[in-house]
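Subject: Structure handover

Hello,

Here is the structure I promised to pass on. My notes follow below it.

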Amino acid sequence: MQLIDPIIEFHHELQAIRRQIHANPELCFEERETAEFVAGKLTEWGIPVLRGMGVTGVVGIIRNGNSDRAIGLRADMDALPIQEINTFPHTSKNPGKMHACGHDGHTAMLLGAAHYLSRHKNFDGTVYLIFQPAEEGGGGAKRMMDDGLFTQCPMQAVFGMHNWPGIPVGEFGVTAGPMMASSNEFEVIVSGKGAHAAQPHKGIDPIMVAVQIAQSWQTIITRNKSPIDAAALSITQIHAGSTTNVIPDNASLVGTVRTFNPEVLDLIETRMRAIAEHTAQAFDATVEFNFKRNYPALINHAQETAFAVEILQGIVGAERVDAQVEPTMGAEDFAFMLQDKPGCYVFIGNGEGDHRAAGHGLGPCNLHNPSYDFNDDLLPIGATYWVRLAEAFLKQR
Ligand SMILES: [Zn+2]
Ligand SMILES: [Zn+2]
């Protein structure tokens, strides 16, 4: 691996930074201490900072030379509402909150790049270091954009990175085009008419209607959309009733839809509504249909992806970069940034979990798992990628 020596020498400090953030997790739009910590480090290293963009977002700005070329490098800072079960020294000090998605590591890797770039300005232009809040459902990327991220910080391209358990350490995965799915949620409330459970003919049973809808919806996936298009429709909650001998008035169906393609999503939503409404009508019930689109699909731009792959291959070798990694149905709000700016998002291998210090929980080292921990071996690898990417993008003429 062609890692940058001063970054390797800074590894110990980066590990301390990462563990400090891990021990003090904060949830969506509450990242006040984390933002303060990040801004403090940047300021200490002489990097000008913009604060409060997207509530708690921070942007560090490193300029050199006189080119108007600029690149954005983005990390996320928020944690999850999970009770950590690890007991190693840097375990979460905040009950019910945990860095179980590795955003502590993402923040530390970008700080590592910031530290190096502020001291070795081998580029001509501007590097924007974007530390965003609220990736886990809050759409912090969008909030920063709404607060003028790309107008106050004009840039030609923006890049993102996420650790990925299961990909070996020192390897990367990326693909041009769709890499992560759009996330959308629905809640459908079926209203019938309650009755004594021994006299069902005197009511309209909303549970029967909900079950019919639930089953029929799966035919959208198998009979309506093309088999070539990927989509998942998962009902994750069915709620109705509270006792054994009463037919309730209402039943609700809650869940998520994931797709890569907006037209497929339109089709699924339209068919879900039609099936829900017509099924209810057939049974003399009514429905309230709510469908909410959260994050769009994450679509990597071809040119910037080819560029990122070339940089990665220069660092870890061609055989350790999977440039056609299998897309995932997980979602990511960096997708909003890629709708506005060309760019690329990559997975950096987090390994299988052997890195975890003594005292980790018995669960797997998977994202959103209470036994997860970010792999500190990635810190110099990720930081080197950010630096080489920025230097190549802003190559001095
Ligand atoms: Zn996550
Ligand atoms: Zn994440």
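Donors are the N, O and S atoms within 2.8 Å of the metal (3.2 Å for Na, K and Ca); water is not among the atoms, so sites may look incomplete. With that in hand, the donor residues of the zinc ion (ligand 2) are spaced C-x1-H-x58-H in sequence.

Two points on conventions. This is a predicted model, in which local features need pLDDT of at least 70 and side-chain atom pairs count only at pLDDT 80 or more, while totals for chains, interfaces and linings use all residues. Residues are numbered from 1 along each chain as its sequence is written, chains are lettered from A and ligands numbered from 1 in the order in which they are written, and side-chain values use heavy atoms, with hydrogens and water left out.

**Zinc site**

Three residues coordinate the zinc ion (ligand 2): Cys-101 through SG, His-103 through NE2 and His-162 through NE2. The distances run from 2.1 to 2.3 Å. The zinc ion (ligand 1) is 3.1 Å from the zinc ion (ligand 2), and Cys-101 coordinates both. His-103 lies in helix H4 (residues 103-119) and His-162 in strand E5 (residues 157-165), so the pair ties together parts that are 59 residues apart in sequence. Helices (H or I, at least four residues) and strands (E, at least two) are DSSP runs, numbered from the N terminus.

Are the two histidines buried or exposed? His-103 counts as buried, at 0% relative accessibility. His-162 is buried too, at 4%. The cut-offs are under 20% relative accessible area for buried and over 50% for exposed, with partly exposed in between (1.4 Å probe, protein chains only).

**Pockets**

Pockets were found on a 1 Å grid over the protein atoms alone. A pocket is an open set of points with protein on both sides within 12 Å along at least five of seven lines; lining residues have an atom within 4 Å of a point. Grid points are joined across faces, edges and corners, and a volume is the space filled by probe spheres set on the points.

The largest pocket has a volume of about 470 Å³. It is lined by 22 residues, and the closest to its centre are Glu-136, Arg-258, Tyr-295, Ala-331 and His-368. The elements that give two or more residues to this lining are E5, strand E8 (182-191), strand E12 (250-259) and strand E13 (286-295). By class, the lining has 7 nonpolar, 9 polar and 6 charged residues. Here Ala, Val, Leu, Ile, Met, Phe, Trp, Tyr, Cys and Pro count as nonpolar, Asp, Glu, Lys and Arg as charged, and the others, Gly among them, as polar.

The second largest pocket has a volume of about 160 Å³. Its lining has 15 residues, with Ser-182, Pro-262, Leu-265, Pro-296 and Ala-297 nearest the centre. E8, helix H8 (262-282) and E13 each supply at least two of the lining residues. The classes are 7 nonpolar, 7 polar and 1 charged.

**Cores**

A nonpolar core is a set of buried Ala, Val, Leu, Ile, Met, Phe, Trp, Tyr and Cys residues joined through side-chain atoms within 4.5 Å. The largest one has 91 residues. Val-127, Leu-129, Phe-131, Leu-149 and Tyr-385 have the most contacts inside it. Helix H11 (residues 378-393) gives the most to this core, with 10 residues. Apart from it lies another core, of 25 residues, among them Ala-210, Val-264, Met-272 and Ala-276.

Contact means heavy atoms within 4.5 Å. Not counting residues up to four places away in sequence, Leu-149 touches Met-53, Val-59, Ile-130, Met-144 and Met-337.

Phe-334 is in helix H10 (residues 334-340). It is buried, at 0% relative accessibility. Beyond four places in sequence, the contacts of Phe-334 include Arg-74, Val-158, Phe-159 and Leu-298.

**Backbone**

Most residues other than glycine have a negative phi. Val-55 has a positive phi of about 70 degrees. Val-55 sits in the loop between strand E1 (49-53) and strand E2 (57-64), and is partly exposed at 32%. Asp-284 has a positive phi of about 65 degrees. Asp-284 lies in the loop between H8 and E13, and counts as exposed at 61% relative accessibility.

Best wishes

Key
1 Å grid on protein atoms, 1.4 Å probe; cavity = no way out; pocket = protein on both sides within 12 Å on 5 of 7 lines; lining within 4 Å.
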